[in-house]
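Me: I'd like to learn how to read a structure like this one, feature by feature. Could you walk me through it?

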Amino acid sequence: MSDETKKGLKSPLRRQLLMGMAAIPALAMMPRPSFGAGPATSAVNTTGLAVTDSEVTVGILHSVTGTMAISETGSVQAEKLAIEQINASGGVLGRKIKYIQEDGASDWPTFAEKAKKLLVNDKCAAVMGCWTSASRKAVLPVFEQYNGMLYYPTFYEGLEQSKNVIYTGQEATQQIIAGLDWVNKTKGAKTFYLLGSDYIWPRTSNKIARKHIEGHLQGAKVVGEEYFPLGHTQFNSVINKIKLTKPDVIYAIIVGGSNVAFYKQLKAAGIDMSKQTLLTISVTEDEIDGIGGENIAGAYACMKYFQSLDNANNKAFVADFKKMWGEKTVIGDVTQAAYLGPWLWKLTVEKAGSFDIDKIAAASPGIEFKGAPEGYVRIHENHHLWSKTRVGRAKADGQYELIYETADLVEPDPFPKGYQ
């Protein structure tokens with residue numbers, strides 16, 4: 001085992017995951033449901049999945065080591081919480097959910113290898129997993145070849161649709177285009193400097209952003225565009241270029257641990273985000289904990305979920321999450337979207353009356369989850385979710401303050417005309 005891997009295993013994030021399962025007194029106090037009273041296994045599992053009369057096995061596949069652990073740990077925590085809650089309420093078709101967790105280790109070939117293990121060796125009935133588009137692209141051929149079902153939680157660039165994936169995060173038209181329209185209208189923004197980590201999601205997202213800025217926002221233009229390797233920590237050169245260019249908006253799609261260095265160096269360089277507009281679609285509230293609220297205060301984020309959302313579902317979710325994972329835990333957009341995965345799968349299995357993947361895929365459109373922390377969501381025919389678009393502004397305490405939301409749910413359109 002490498003020194004880096006050992007470090008990851010000893011990290012606070014890893015310890016938090018290992019400790020969390022012992023911190024669920026509320027769930028432990030609930031009456032223990034009786035499993036095994038559901039329909040016969042032969043009737044609900046005709047394709048050899050890991051389903052018995054009393055249990056069904058699913059997979060959890062995220063990075064808990066490497067540069068993406070800061071981003072993906074919340075997804076693991078949310079999925080485990082959802083599974084515990086579902087089991088406490090009787091499970092799925094009378095069966096307790098058992099999970100097998102694998103570490104993608106911030107390495108795309110590892111994600112593909114682990115996905116194959118979960119589907120072929122472990123026969124998982126569903127997998128909750130991935131964060132980056134690179135990891136999703138790496139596992140997609142595996143899920144399609146072996147006919148598995150992936151619940152993918154991250155906002156992403158769109159331009160994809162698969163029978164074997166339910167996308168619980170937002171796609172480009174719900175996040176990128178909506179956010180640019182908002183900042184153009186409310187801030188009068190005309191010049192944009194695009195930044196991103198160097199892989200498919202930031203590059204494709206900024207390609208969409210550029211097309212929208214230059215083709216749909218009157219008089220607007222891109223004045224700079226740069227990318228950085230995952231884990232990059234030296235941003236002073238591009239910050240100097242930003243100071244010279246003086247764009248109306250810094251549009252940032254930097255991910256993982258690089259964000260800690262980027263926002264600290266922005267502040268050290270004297271860039272005041274109460275005067276300089278910065279719009280991110282990648283920094284969720286749980287990541288601010290590592291960045292430091294004082295380093296990102298004033299920045300805007302376009303997402304569908306913020307921990308401060310004032311609704312009964314969210315208040316209950318936040319309370320349960322903190323009870324399980326610690327009072328100081330902060331919940332971000334992708335964490336909440338990951339929480340939706342097990343619940344949407346449960347609802348779909350019960351609608352289909354089967355764990356079979358083809359039946360799950362066919363039954364998914366129209367599934368509604370009225371208990372979602374973000375508010376009501378519904379699965380579209382294209383396997384994405386109808387959801388609201390929101391803009392928040394970062395505060396020094398590490399949370400986003402909601403300042404805008406769409407009145408209605410926004411229909412997902414992963415293949416918008418003119419942006420492909």
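Reply: Gladly! Keep in mind that this is a predicted model.

Me: Which residues have the most contacts inside the largest nonpolar core?

Reply: Leu-195 is one of them, along with Phe-192, Tyr-251, Phe-262, Tyr-263, Leu-278 and Ile-296, in a core of 78 residues. Helix H8 (residues 172-187) supplies the largest share, 6 residues.

Me: Let's zoom in on Val-249. Is Val-249 buried or exposed?

Reply: Val-249 has a relative accessible area of 0%, so it counts as buried, the cut-off being under 20%. Val-249 sits in strand E8 (residues 249-253). Beyond residues up to four places away in sequence, Val-249 touches Val-183, Ala-189, Thr-191, Phe-192, Tyr-193, Gln-276, Thr-277 and Leu-279. As for Leu-61, 188 residues away along the chain, its C-alpha atom is 35 Å from that of Val-249.

Me: And how should I read a sheet?

Reply: Strands of a sheet pair through backbone hydrogen bonds, in either a parallel or an antiparallel way. Here, an open sheet of 3 strands runs in the order E11-E12-E13, with antiparallel pairing. Strand E11 (368-369) and strand E13 (385-386) are the edges, each pairing on one side only. Strand E12 (residues 377-379) is joined to E13 by 2 bridges in the antiparallel sense, and Arg-378 has Trp-386 in E13 as its bridge partner.

Me: Which residues other than glycine show a positive phi?

Reply: Two to look at are Asn-147, with phi near 55 degrees, and Lys-246, with phi of about 50 degrees. Check their places next: Asn-147 is in the loop between helix H7 (133-145) and strand E4 (150-152), while Lys-246 is in the loop between helix H10 (236-245) and E8.

Me: How does accessibility classify Asn-147 and Lys-246?

Reply: Asn-147 has 27% relative accessibility, so it counts as partly exposed. Lys-246 reaches 64% and therefore counts as exposed, since that class begins over 50%.

Conventions. Residues numbered from 1 in each chain as written. Predicted model: local features only at pLDDT ≥ 70, side-chain atom pairs only at ≥ 80, totals over all residues. Heavy atoms only, no water. Helix = DSSP H or I, 4+ residues; strand = E, 2+ residues; numbered from the N terminus. Buried < 20%, exposed > 50% of the residue type's maximum accessible area, 1.4 Å probe, protein only. Contact = heavy atoms within 4.5 Å. Pairing = 2+ DSSP bridges. Core = buried A, V, L, I, M, F, W, Y, C linked by side-chain atoms within 4.5 Å.
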